[in-house]
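This briefing is intended for reading alongside the sequence and the three-dimensional model. It begins with the chain as a whole and then turns to helix packing, aromatic rings and one further residue.

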Amino acid sequence: SMGGVVAWEMARQAEAAGDAVELLVLVDPSPVGAGGGDPFSDADDPDLLESFARHLDLPLERIALSAGELMRSNPRERPRLAWEAARAAGALPHDLDLARFDRLWTVFRSNVAALRRYRPGPCSADVLVVRAEAGSTTVRADASCWQSLTRGRFGIEVSPGDHFSMVHPPHVRELAARISGALVSGVR
């Protein structure tokens with residue numbers, strides 16, 4: 001997730017200020033790459049809206065709104081259509097009104113744009129990347145961008161669940177065990 005990118009930059013800035021960062025753990029981080037182009041180039045892509053809904057932990061299987069319907073609609077209307085469909089399915093928290101949904105969508109899109117523009121610099125810390133078991137068939141390739149940037153030891157662990165479920169019971173126990181292992185024994 002983007003939190004891994006934020007943690008990386010925090011570690012870099014801490015090192016630049018003279019602080020030692022012994023271990024940096026990135027939990028299912030977004031890969032960083034060459035990027036380029038307009039960071040909002042796919043902001044109208046329904047997949048981005050679906051990713052946003054997953055970040056809100058909305059049960060997509062209960063929401064009756066197809067990608068085709070979204071593609072046929074005006075891009076500016078898509079968040080409203082998604083909110084209405086989720087509300088009709090009873091999938092929204094009671095306090096998530098359309099105005100708040102729109103604000104969260106704007107922040108999400110801005111985060112995606114920032115992530116696409118970010119170019120990480122090197123870090124000296126030991127780095128552990130914990131990848132979600134489900135949804136990542138290229139664990140080593142996804143993590144190689146981080147490995148190439150550290151001067152410290154580097155390790156990869158795979159934890160049960162997907163990007164969203166790995167931080168919730170029952171999978172979070174396994175994630176905590178992997179992080180605890182790295183804190184006690186170091187990166188392997």
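What percentage of the 188 residues of the protein chain count as buried? Of these residues, 36% count as buried, where buried means under 20% relative accessible area, exposed over 50% and partly exposed in between (1.4 Å probe, protein chains only). The model is predicted, so local features need pLDDT of at least 70 and side-chain atom pairs count only at pLDDT 80 or more, while totals for chains, interfaces and linings use all residues. Residues are numbered from 1 along each chain as its sequence is written, and side-chain values use heavy atoms, with hydrogens and water left out.

**Overall architecture**

- The protein chain contains seven helices and three strands; helices (H or I, at least four residues) and strands (E, at least two) are DSSP runs, numbered from the N terminus.
- Read from the N terminus, the order of elements is α-β-α-α-α-α-β-α-β-α.
- Among contacts (heavy atoms within 4.5 Å) between residues at least 6 apart in sequence, 74% join residues at least 24 apart.

**Packing of α4 and α5**

- Helix α4 (residues 78-88) packs with helix α5 (residues 98-117) at an angle of about 125°, and their axes are 10 Å apart.
- Axes are lines fitted to C-alpha atoms, for helices over the stretch in contact, and angles run from 0 to 180 degrees between N-to-C directions.
- The two helices, α4 and α5, are therefore oblique to each other; angles under 35 degrees count as roughly parallel, over 145 as roughly antiparallel, 65 to 115 as roughly perpendicular and the rest as oblique.
- On the α4 side, P79, R80, A82 and W83 meet L98, F101, D102 and W105 of α5.
- By class, this contact of α4 with α5 comprises six nonpolar, no polar and two charged residues.

**Aromatic pairs**

- The structure holds five aromatic pairs, counted when ring centres of Phe, Tyr and Trp (its six-membered ring) lie within 6.5 Å; planes under 30 degrees apart count as stacked, over 60 as edge-to-face and the rest as tilted.
- The ring centres of F52 and F108 are 5.3 Å apart and the planes stand at 50°, so this pair is tilted.
- F52 in helix α2 (residues 46-55) and F108 in helix α5 are 56 residues apart, and their pair links distant parts of the chain.
- F52 counts as buried at 3% relative accessibility, and F108 is buried with a relative accessible area of 11%.
- Ring pairs join F52, F101, W105 and F108 into a cluster.

**Residue A176**

- A176 lies in helix α7 (residues 171-185) and counts as partly exposed at 39% relative accessibility.
- A176 and M166 are ten residues apart in sequence and 9.9 Å apart in space, C-alpha to C-alpha.

Definitions and conventions. Ala, Val, Leu, Ile, Met, Phe, Trp, Tyr, Cys and Pro count as nonpolar, Asp, Glu, Lys and Arg as charged, and the others, Gly among them, as polar.
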